[in-house]
Amino acid sequence: QNLDPTTLSITNSLTDVRAENLFFNLGFDYQDKYIFEGLVRRDGSSLFGENERYQVFYRATAAYRITEDITIPGINELKVRGSYGTSGSRPGFAAQYETFNLSRGVASKAVLGNPDLKPSRISEFEFGVNATFLNKFNFEFNYADISADDQILLVPLPGVAGFSSQWRNAGLVTTKALEFSLGSYIKDTQDFSWDFNIVASNAISKVERLDVPPLLRGDGITSGMFRIQEGEEFGVMYGNRFAKSADDFILDQNGFITNISGYVPGSANNKTPEQFVRNSDGYMIPVGTEYTSGETAVLLYDPETGQKLDAKIGNSRPDLILGLNQNIRYKNFALFVLLDAQIGGDIYNSSRQNMYFQERHGDLDQAGKPEGQRKAATYYSSAVSLYNGATPSEHFVEKATYMKLREVALNYRLDNAFMQRVGLGNVLQDAKISLIGRNLLTFTDYSGFDPEVASLSAGDPTTFRSDAYVYPMFRTFTAAIEVRF
């Protein structure tokens, strides 16, 4: 076989990671109502920087079963608990070392080593309540206050450093989270049972400190819409904005608009609000241009810098995550249903933006519209209008609210009595036939295929939500037979 030497590459790696861990654990339970536990751990790892080989972490928890001392009508069990602890996330193997790229025998500097690199330190305080009441309901509530300090970030370096970047401990992110669940056996008899469980959660993460300049995360199609910046929530989107009303215009003393393209102080060619009108899509456009090739959505500019306005346009953090599952059994039949929902939160539709440029998105389809009410393709695809040259803009930020029928499973059990009737009782104990469907239905106003998708290119698909030609969640159907001998 002939191999082309220009397409061959050789790679080799050898890693040796060593760890040393010592811990002390203590538990205390008094009369099964006062419960305490503590842990101290000393971790040493060769993954830590040369000057930071050892770190100490700890945890303490306490719980009090109130109903062991106090009788509360209708309450079967009531327990409060609290805990505080620390943990760490280790750096990657090469983070503390200088690395080089090798091309045709020539080595070039890549990442500068850092002998002072430590694991990121996560501190968490948690308070919770557990309760069972009315002999059928179970309730749980959790509040968590989490602090992630010394975050490990790949920081760009100035050109004079010779190296392009360096791994550093830079930044503090705090998270406040709430979660509750409620479950119950609605009915439980020999022939029929029905139980359900509801869970809900909300979490807000904020960058409290960032020891480096703001970081941008894109998705491979649209550049840098997600911004990691001190004082901002994790998951915020920044980009350009379009004027939606005359109130968005900033006027000088002569009544001319200062925050649009082309403004020059003292020029007779400056524009006034009367020269623009709101079109059918809700954007300000030049008067008389709607449904013509001259129609363009007016971008807002920063009057101080003369550049396109770079402003907050969205936030991928949902307001609430919900889940509901139910189990229903009637004799040998069993039905499991799982519903998931997200309320609030935004997703950046990069697929839609790029398809504007390619003139392939459904928004551009004007078929069936009355003559004289058809948008020109340039209104969508022009770099100075909605497409905006692949630069992030608020037009492509959409609400990611959805509800999904996540799973439905129907089971039928052929018990041993049935096996006896068909003459297999001495061979088979029982059998179960199952039909399972997953991701069956999605209810949403999102214009793409699936608001739950995210691009891995942005770094964290659970936080930086963007739709960049990502496959939607697959709908699957499964049939299964389970036999016990």
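**Close-up views of a predicted model**

View A. Because Asp-346 belongs to strand E21 (residues 346–348) and Lys-399 to strand E22 (residues 397–399), the pair ties together parts that lie 53 residues apart in sequence.

View B. Arg-81 is buried, its relative accessible area being 18%, and its side chain meets that of Glu-126 in a salt bridge of 3.5 Å, taken from N to O. This pair links distant parts of the chain, since Glu-126 is in strand E7 and Arg-81 in strand E4 (residues 75–89), 45 residues apart. Arg-81 also forms a salt bridge with Glu-140, where the closest N and O atoms are 3.3 Å apart; Glu-140 lies in strand E8 (residues 137–149), so this contact with strand E4 ties together parts 59 residues apart in sequence. Glu-126 is partly exposed, with a relative accessible area of 23%, and Glu-140 is likewise partly exposed, at 29%.

**View C. A nonpolar patch on the surface.** Phe-24, Leu-26, Val-40, Val-56, Tyr-58, Tyr-84, Phe-125 and Phe-127 form this patch, which together has about 750 Å² of accessible area. At least two of its residues come from each of strand E1 (19–30), strand E3 (54–65) and strand E7 (120–133). Phe-125, found in strand E7, is partly exposed, with a relative accessible area of 37%.

Notes. Residues are numbered from 1 along each chain as its sequence is written. This is a predicted model: local features need pLDDT of at least 70, side-chain atom pairs count only at pLDDT 80 or more; totals for chains, interfaces and linings use all residues. Side-chain values use heavy atoms; hydrogens and water are left out. Patches are made of residues with over 30% relative accessible area and no salt bridge: like charges are joined within 9 Å, nonpolar side chains (Val, Leu, Ile, Met, Phe, Trp, Tyr) within 5 Å. Accessible areas come from the Shrake-Rupley method with a 1.4 Å probe; for residues, only the protein chains shown count as cover. A salt bridge is a side-chain nitrogen of Lys or Arg within 4 Å of a carboxyl oxygen of Asp or Glu. Helices (H or I, at least four residues) and strands (E, at least two) are DSSP runs, numbered from the N terminus. Buried means under 20% relative accessible area, exposed over 50%, partly exposed in between (1.4 Å probe, protein chains only).
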